[in-house]
Amino acid sequence: MRTRSGRVGSRLTRRRFMATVAGTLGATTLYSRAPAGAQTKGTLRIARGANARSLDPHINARLYDRLVLYTLYEPLIDADDRGNFFPVLARSWEVGSTGRVVTFHLRSDVVFHDGTPFTADVVKYNIERILDPATGSEHRARFEGIIQGVRAANAATAQFYLTRPYPPLLSELIDRPGLMVSPAAVRKYGKDFARNPVGTGPFKFVEWIQGSRVTVQRNQRYWNVKAIRSEQMIFQDFPEPAVADAQLRGGQVDVVTLEDLPAEDVLAFQKDSGYLVIPSPAYSWSAIQMKEDVPPFDNRDLRQAIMYAIDREQIVKVIYHGLGKATGKFFHEGWWADPRYNGPAYNPDLARQKLKASGYLDRPAPLLLYVQSSTVPLGEMVQAQMQAIGLRVNIRLVSERDLYPMVLRGEIPFSIPATWTPRPDPNGLAYILWDSRGYANTSHYRNPQVDKLLDAAAATYDRNERARLYRQAERLIVDDASYVFYYASPDYAIMRRGVQGFRYGFDLIPRVAGAWM
Amino acid sequence: MPAMWRYVLRRMLVLIPTVALVTFGIFFLMRTAVGGDPTLYLMGHEATLQQAAQARTRLGLDRPIIVQYAEWLRRLGSLDLGRSFEYPMDVGPALAGRLPATLELTLMATVLALLVAVPAGVFTAVGRHTPLGRAMSAATMAGICVPNFWLGMLLIYVFGVKLGWLANSAYVPLPENWRQNLGSMALPAVSLAAYYAASWTRYLNTALLVALQHDYVRVAQAKGLADRTVVLKHALRNAIIPMVTAVGQSVPYMLAGAVIVEAVFSLPGLGRLLSDAIQSRDYPIVQGAVLLVTAAVVASSLAVDVAYGVLDPRIRYD
């Protein structure tokens, strides 16, 4: 007993130690890679997708804005590629004994690009800005009902008061709502702040040619300026991934980061010694989604029949050229992922049994599957796989931008693909998608046992216990089959050999500030 | 007032009901037939139905469409096109920021296409029985058949990837650095111009062949004028009039082509702004851009009519 508890104790200590080391390494990668006094290099040209909309991290910032945001702004803490937190604007942080007060001790040597000093009052201002309905931040739901208020105990100490113990808060703070904007600049520019961004980050905003590029320049007053080697970064918009790839081959850009790079291109660059292909540490997953309160999808046997009818290996081989993994589950990385579980596998016999049990076979009407128009071959393959067990399916196409709004409004009960990017805390997605109160629970999934597990997991700071609870919840959610998971894949960044210091955040957003060529 | 100016003024007045009709149509079509909720596109995966409802109220989308249209017209009266839903800027500056790239692209493509089409049209008509004339005829067919997005990708592959001539092909506004600007616009302009160069060549070729059969040409030849003078001074001058119509009428199609070319070359033009705005239901941008394009099309057809008079003094503006 003593030995055992001793081992547990030492393991925890070692874990903490490892976390600290990993955190420091992570911080080193981004913030202090270069030796002191290293010369700055010229310009780094980065190709990104074309949905950039806003450089205000709290309002309307899209996937490809986020890449730029991390050069202009900083969070209190960030996570390395293993999901371990490390300090950025906060020197350290601690959670009070009740679990309802989180205290951040801030750096005192930080100023915004406009000269505003970074203090605890700024932190308070930022959180209140998101919580204020007048701001119109789409992130309000992530804090509302959780953060009661923020107190500036002194200039260098910010205390978050929570309505309940809430360990996922830390990971929410590494995302957009945790990036600190200059209150003076927000007041100065008003609604135009999104075009005149002012943060504390290693780069200052230079210009944004709408639809073409964003340019940022090294911030000479940055608190860790020696760690920044590039003098300038240009983020170039590319609506067509194939064109971005061609420009990389032609040497017009140095790095390509687009989420929907064609698998053939990724494979070709992987074989080419002139380029580096870096996969993100975390995986996005894709699933077929069903709305549980709409017949016939309220029939669990029918949903499970579909779950076993899907040949995931075939999908990965044919649709994704073998890139990514065939999987029936959704937790793929981090301390909470269950390495011994891969979800249900292809089993046509069991699928037929389930279909028979569902009683659906007697009905003549085919199911109507809504397929995103850019993924027609995938939709057709899934259709064929379901037809192979005797389930007739018709397809209707929906544009990429229409798919999620239609799912959210409950207009389409059976659709593919539902694709989500993991958050740095398992609660991030699990709660919004599968808790009966989750704002993105578009399947109208209700499982009181899952609610209970998710509540318990989000209320304890004990990681082992949380991992156990999330793994249990994962199996229940997978088995209920409102989502039929089939695929998971990292994002890929492709760069010319010679680019250094590039890293992915655990949220799949590249942190390019420390990169140089 | 000279007849021509009266004519121009009258045509300008016609512009008003035309624009009103088009914007009214777009206003209703976007909100009814196209459908979709702009606020949901705006918020992406973070959207909740409750927040979307709040945003709809904030943007005034919960009011009847006719009220929204009246409000839009009222603002238009004071030259206010409203504010984009998606981009953090007013519609006016957003359009103004995108206009130069599109104007430059279409202008360069037009000039380029004309530089090719006029000599090629003359040559394929006069030298239609020579092997070179036949080869050029075949080339024009290819030019018409090749889609501009494909040509754009091909040009990027050849000049960018294989030859490496495009090291600085990122778009730079003309006033900032004209060399780099022309460098970044050359391939897009060629992609867009190819079809028109080919199509106008065939147009001029046909018009010239018809003109060459007229009596005045035979008279000129009988007078002993040099072939060159007969073709260039007599036949071409008459053949060019239908060509002007073709060029003028190409403006709307060229703007449509610019949408695709701008996407392929990632140029920050009006076409791409409009196509993005339609996809994300950014109504104020769509309305502003359609207003601008409508005005451009009406203006170009007016310019064509005025050009007739200059080219052919027999045409009167009554």
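A:Asn60 counts as buried because 23 C-beta neighbours lie inside 10 Å; a residue is called buried if 20 or more other C-beta atoms lie within 10 Å of its own, exposed if 12 or fewer, and partly exposed in between, with C-beta atoms placed from the backbone. The phi of A:Asn60 is near 65°, a positive value in a residue other than glycine. Most residues other than glycine have a negative phi, and most peptide bonds are trans. The structure is a predicted model, in which local features need pLDDT of at least 70 and side-chain atom pairs count only at pLDDT 80 or more, while totals for chains, interfaces and linings use all residues. Residues are numbered from 1 along each chain as its sequence is written, and chains are lettered from A and ligands numbered from 1 in the order in which they are written.

A:Asn60 sits in the loop between strand S1 (41–48) and H2 of chain A; helices (H or I, at least four residues) and strands (E, at least two) are DSSP runs, numbered from the N terminus. Helix H2 (residues 63–72) of chain A has 10 of its 10 residues buried, so this helix is largely enclosed by the rest of the structure. Among these buried residues of H2(A) are A:Asp65 and A:Arg66, along with A:Leu67 and A:Val68. B:Arg281 lies in the loop between helix H11 (270–279) and helix H12 (283–311) of chain B, and counts as buried because it has 25 C-beta neighbours inside 10 Å. By contrast, A:Arg340 counts as exposed because it has 5 C-beta neighbours inside 10 Å. The loop that holds A:Arg340 runs between strand S13 (325–326) and helix H11 (348–358) of chain A.

Two cis peptide bonds can be described in chain A. One runs from A:Pro295 to A:Pro296, with omega near 0°, and A:Pro296 belongs to the loop between strand S12 (275–290) and helix H9 (300–309) of chain A. Another runs from A:Ile416 to A:Pro417, with omega near -5°; A:Pro417 lies in strand S16 (residues 414–420) of chain A.

Chain A is divided into domain 1 (1–30 + 74–193), domain 2 (34–71 + 201–282 + 492–517) and domain 3 (284–489), with bounds that come from an automatic or database domain assignment. Between domains 1 and 2 of chain A, 27 residues of domain 1 are in contact with 21 residues of domain 2, two residues being in contact if their C-beta atoms, placed from the backbone, lie within 7 Å. On the domain 1 side, the elements that give two or more residues are helix H1 (2–31), strand S2 (77–79) and helix H3 (120–131) of chain A.

An open sheet of four strands in chain A has the order S4-S5-S7-S6, with antiparallel pairing; strands pair if DSSP finds at least two bridges between them. S4 and strand S6 (147–154) of chain A stand at the edges, each with a single partner strand, so one side of each is left without a neighbour in the sheet. The twist averages 20° from one strand to the next. H3(A) packs on this sheet, touching S5, S6 and S7 of chain A, and its direction makes about 165° with that of S6(A); axes are lines fitted to C-alpha atoms, for helices over the stretch in contact, and angles run from 0 to 180 degrees between N-to-C directions. Strand S4 (residues 90–95) and strand S5 (residues 101–106) of chain A are joined by five bridges, and A:Glu94 has A:Thr103 as its bridge partner in S5(A). In their hairpin, which has five residues between the strands, A:Gly99 takes a positive phi near 80°. Six bridges join S6(A) to strand S7 (residues 157–162) of chain A.

Chain B comes to 12 helices and zero strands, and buried residues make up 36% of its 318 residues. The contact between the chains takes 40 residues from chain A and 42 residues from chain B. The largest nonpolar core has 220 residues, of which A:Val255, A:Val484 and B:Ala289 touch the most other members; such a core is a set of buried Ala, Val, Leu, Ile, Met, Phe, Trp, Tyr and Cys residues joined through C-beta atoms within 7 Å. Helix H8 (residues 178–212) of chain B gives the most to this core, with 17 residues.
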